[in-house]
Amino acid sequence: MNSLFIFAVFALIASCYGQTFSLIDSNKDDILVFAEYKAIFDAYDGNSDNAVTAVEVAAATKLTVPQIQASFNSYDFNKDGNIDVKELRTVFDAFDLDKNGEISLAEFVKRTQQTQPVVGRK
Ligand SMILES: [Ca+2]
Ligand SMILES: [Ca+2]
Ligand SMILES: [Ca+2]
Ligand SMILES: [Ca+2]
């Protein structure tokens, strides 16, 4: 795990991890649950087949496929060209450092500081 797919993309937009967290934290309780994470995923999933492609992410984020491809590939663990819900879960679990099923702001910050996003700011 060497990059942040969803978070990197959001960081480009929000330019700040605190804002990124609150974008995902739709009920503003300072806790990210998987359903909140999945809502972002669903927003990217243009054809609602429970898998996102680089093309769908590019369309949703107004970035180009080459800009997101490296980050995308690093989350497409089985390299089938889709990031599916199981792969999303793997990413979620990587942020949930104490494995209680929730990502706290402290966990989010700790994990993002440990990880260098692949997507650069333009
Ligand atoms: Ca929340
Ligand atoms: Ca899709
Ligand atoms: Ca995959
Ligand atoms: Ca946790």
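What share of the contacts in the protein with a separation of 6 or more joins residues 24 or more positions apart? Such residues account for 51% of these contacts, a contact being two residues whose C-beta atoms, placed from the backbone, lie within 7 Å. The model is predicted, so local features need pLDDT of at least 70 and side-chain atom pairs count only at pLDDT 80 or more, while totals for chains, interfaces and linings use all residues. Residues are numbered from 1 along each chain as its sequence is written, and chains are lettered from A and ligands numbered from 1 in the order in which they are written.

The protein has seven helices and four strands. These are DSSP runs numbered from the N terminus, with helices (H or I) of at least four residues and strands (E) of at least two. Along the sequence the pattern reads α-α-β-α-β-α-α-β-α-β-α. Of the 122 residues, 24% are buried. A buried residue has 20 or more other C-beta atoms within 10 Å of its own, an exposed one has 12 or fewer, and a partly exposed one falls in between.

The largest nonpolar core holds 15 residues. Such a core is a set of buried Ala, Val, Leu, Ile, Met, Phe, Trp, Tyr and Cys residues joined through C-beta atoms within 7 Å. Val-57, Phe-72, Leu-88 and Phe-108 touch the most other members. Two or more residues each come from α4 (54–61), α5 (65–75) and α6 (85–95). The largest share, four residues, belongs to α6.

Helices α4 and α5 also pack against each other. Their axes come within 9 Å and cross at roughly 125 degrees. Axes are lines fitted to C-alpha atoms, for helices over the stretch in contact, and angles run from 0 to 180 degrees between N-to-C directions. The pair is therefore oblique, the class left after roughly parallel (under 35 degrees), roughly antiparallel (over 145) and roughly perpendicular (65 to 115). From α4, Ala-54, Val-55, Val-57, Ala-58 and Thr-61 meet Val-65, Ile-68, Gln-69 and Phe-72 of α5. Seven residues of this contact are nonpolar (Ala, Val, Leu, Ile, Met, Phe, Trp, Tyr, Cys or Pro), two are polar and none is charged (Asp, Glu, Lys or Arg), with the others, Gly among them, counted as polar.

Tyr-37 lies in helix α3 (residues 34–44). Tyr-37 counts as partly exposed because it has 19 C-beta neighbours inside 10 Å. Leaving aside residues up to four places away in sequence, Tyr-37 touches Ile-24, Leu-32, Leu-88 and Phe-92. Tyr-37 and Phe-92 are 55 residues apart in sequence, yet 7.8 Å apart in space, C-alpha to C-alpha.
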